[in-house]
Amino acid sequence: MTLQVTRSNHLIDLTTGHPDPDLLPVDLFRSLSLERQNLAYGQQAGSDLFRQTLSEWLTEDYGQPVNADELLVTNGASNALDMICSLLSQPGATVLVEDPCYFIALKLFKARGFNVVALPMDNEGIELQALEQAIEQYNPAFIYTIPCFHNPTGITQPHRRRQALVKLAAEKQCVLVADEVYQSLYFDQKPPAPLASYDRNAPVLSIGSFSKILAPGMRLGWIQGSGELLHRLTNSALLFSGGGLAPVTSALVGALLARGEFQSNLTHLRQTYAARSEALYDGLVSTFGDQIQLKKPDGGYFLWVSFVDGRDVASKRDQARALGVNYLPGNLCSASGQFRSSMRLCFAWYPQPQLITACDRLGLVFS
Ligand SMILES: Cc1ncc(COP(=O)(O)O)c(C=O)c1O
């Protein structure tokens, strides 16, 4: 991977799902310092002080109580997913995913030896009838879902769908892993609470991360859950041997949370990304009109665009790059290879002028 603070002068790369380097709040970190205890092996679930501070912010942000003892500190969401895979993998095990899905999660599951089965989505998320049938058919190790500002489609599961999904997981005793890294990146309305808050007795784990709401270089995230699953993760050999993860970074981020500086920065990010998403949305609508289908983002990082005539977007990528623009073809986000006439565009990595130029270039590619 190239260093993630450099952008090409020639190519506007809307595949890149990272924060704009200019929005990484390096000044916030200058005045922070560490205590001796931050340099020691930490508590297995992560620093008690940090989990308390994190739980207070999450309670406020979610509008639902989150207790410190429901949280396990990780090195970001990818690390959390990998720990869950490590806990639940068995020879021949299946994971059920949404189609389309976060493409790197698909890679991770395959690398961990899982059989990956893609299930259809409607405009409220994963289709429950298909999910129920697949649970019967495959007896999966877990279901992987992105309930909020879905990567790549931007869909947010409404409250009723979430209730029904968690109820199904509880009834079938099937582990439900919710990747909720965009939960706090809402532009206007707060989304419904993360899935782990719906039923403390259901086998649900919600994953959060500071990558998109502060800085990915912190490699800091968490798993929210209760009961047996969280207990098994916390008592894994990895944490028994190494102590809790991220004692240094969690101390730094904990200080920013306690001072309210993290929260002010997040408000700024929400406003900035809202304006960018609007610029990209408006640019696409004015370039393509009714040739495309797309939904105005309510949060997150991505816009999902589908050509209504079913044209093959995937095969135009080289031509697009030659014209100075890049996108993620939908089929690369699909475990079933579908969605060749769709593309995922990230609006977080560039400011408005580049997003508008990108729309002009996409217009040339697909005219
Ligand atoms: C849905 C989803 N999960 C996880 C990640 C990675 O998160 P982290 O940087 O915390 O590992 C991303 C980043 O693009 C993402 O979109």
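**Close-up views of the chain**

View 1. Phe149 is buried, with a relative accessible area of 4%; buried means under 20% relative accessible area, exposed over 50% and partly exposed in between, using a 1.4 Å probe and protein chains only. What you see here is a predicted model, in which local features need pLDDT of at least 70, side-chain atom pairs count only at pLDDT 80 or more, and totals for chains, interfaces and linings use all residues. Residues are numbered from 1 along each chain as its sequence is written, and side-chain values use heavy atoms, with hydrogens and water left out. Phe149 belongs to the loop between β6 and α6; helices (H or I, at least four residues) and strands (E, at least two) are DSSP runs, numbered from the N terminus. The phi of Phe149 is positive, near 45°, and this residue is not a glycine. For background, most residues other than glycine have a negative phi, and most peptide bonds are trans.

**View 2. Gln183 and the residues around it.** Look for Gln183 in the loop between β7 (176-179) and β8 (204-209). With a relative accessible area of 3%, Gln183 is buried. Setting aside neighbours within four places in sequence, Gln183 is in contact (heavy atoms within 4.5 Å) with Tyr62, Cys148, Phe149, Arg162, Pro191, Pro192, Ala193 and Pro194. So Phe149 from the previous view returns here among the contacts of Gln183. A polar atom of the Gln183 side chain lies 3.0 Å from the backbone oxygen of Pro192. A polar contact is a pair of N or O atoms within 3.5 Å; within protein, one must be able to donate a hydrogen and the other to accept it, and residues adjacent in sequence count only if both atoms are side-chain atoms.

View 3. The bond joining Asp99 and Pro100 is cis, with omega about 5°. Pro100 sits in the loop between β3 and α4 (103-111). The peptide bond from Asn151 to Pro152 is cis too, with omega near 15°. Pro152 is in the loop between β6 and α6 (159-172).

**View 4. An open sheet of 8 strands.** Follow the strands in the order β2-β9-β8-β7-β6-β3-β4-β5; their pairing is mixed. The edges are β2 (71-74) and β5 (125-126), each pairing on one side only. Two strands pair if DSSP finds at least two bridges between them. Strands β3 (residues 94-99) and β6 (residues 142-145) run parallel and are joined by 3 bridges. Within this pair, Val95 stands opposite Phe142 in β6. Helix α5 (residues 128-138) lies across β3, β4 (115-122), β5 and β6, and runs at about 160° to β4. Axes are lines fitted to C-alpha atoms, for helices over the stretch in contact, and angles run from 0 to 180 degrees between N-to-C directions.

**View 5. Asn38 and its contacts.** Asn38 is in the loop between α1 (26-30) and α2 (48-62), and is buried at a relative accessible area of 12%. A polar atom of the Asn38 side chain is 2.8 Å from the backbone nitrogen of Glu35. Not counting residues up to four places away in sequence, Asn38 touches Pro247, Val248 and Ala251.

View 6. Ala246 lies in the loop between α8 (237-242) and α9 (247-259). Its phi is positive, about 55°, although Ala246 is not a glycine. Ala246 counts as buried, at 11% relative accessibility. Ser250, in helix α9, is buried with a relative accessible area of 1%. A polar atom of the Ser250 side chain lies 3.4 Å from the backbone oxygen of Pro247. Leaving out residues up to four places away in sequence, Ser250 touches Ser47, Phe50 and Leu220.

**View 7. Aromatic rings.** Rings of Phe, Tyr and Trp (its six-membered ring) pair if their centres lie within 6.5 Å; planes under 30 degrees apart count as stacked, over 60 as edge-to-face and the rest as tilted. The count by this rule is 21 aromatic pairs. One of them, Trp349 with Tyr350, is edge-to-face, at 6.3 Å centre to centre and 80° between the planes. Trp349 is buried at 5% relative accessibility, and Tyr350 is buried with a relative accessible area of 3%. Phe50, a contact of Ser250 in the previous view, also belongs to an aromatic cluster with Trp57, Phe210, Trp222 and Phe262.
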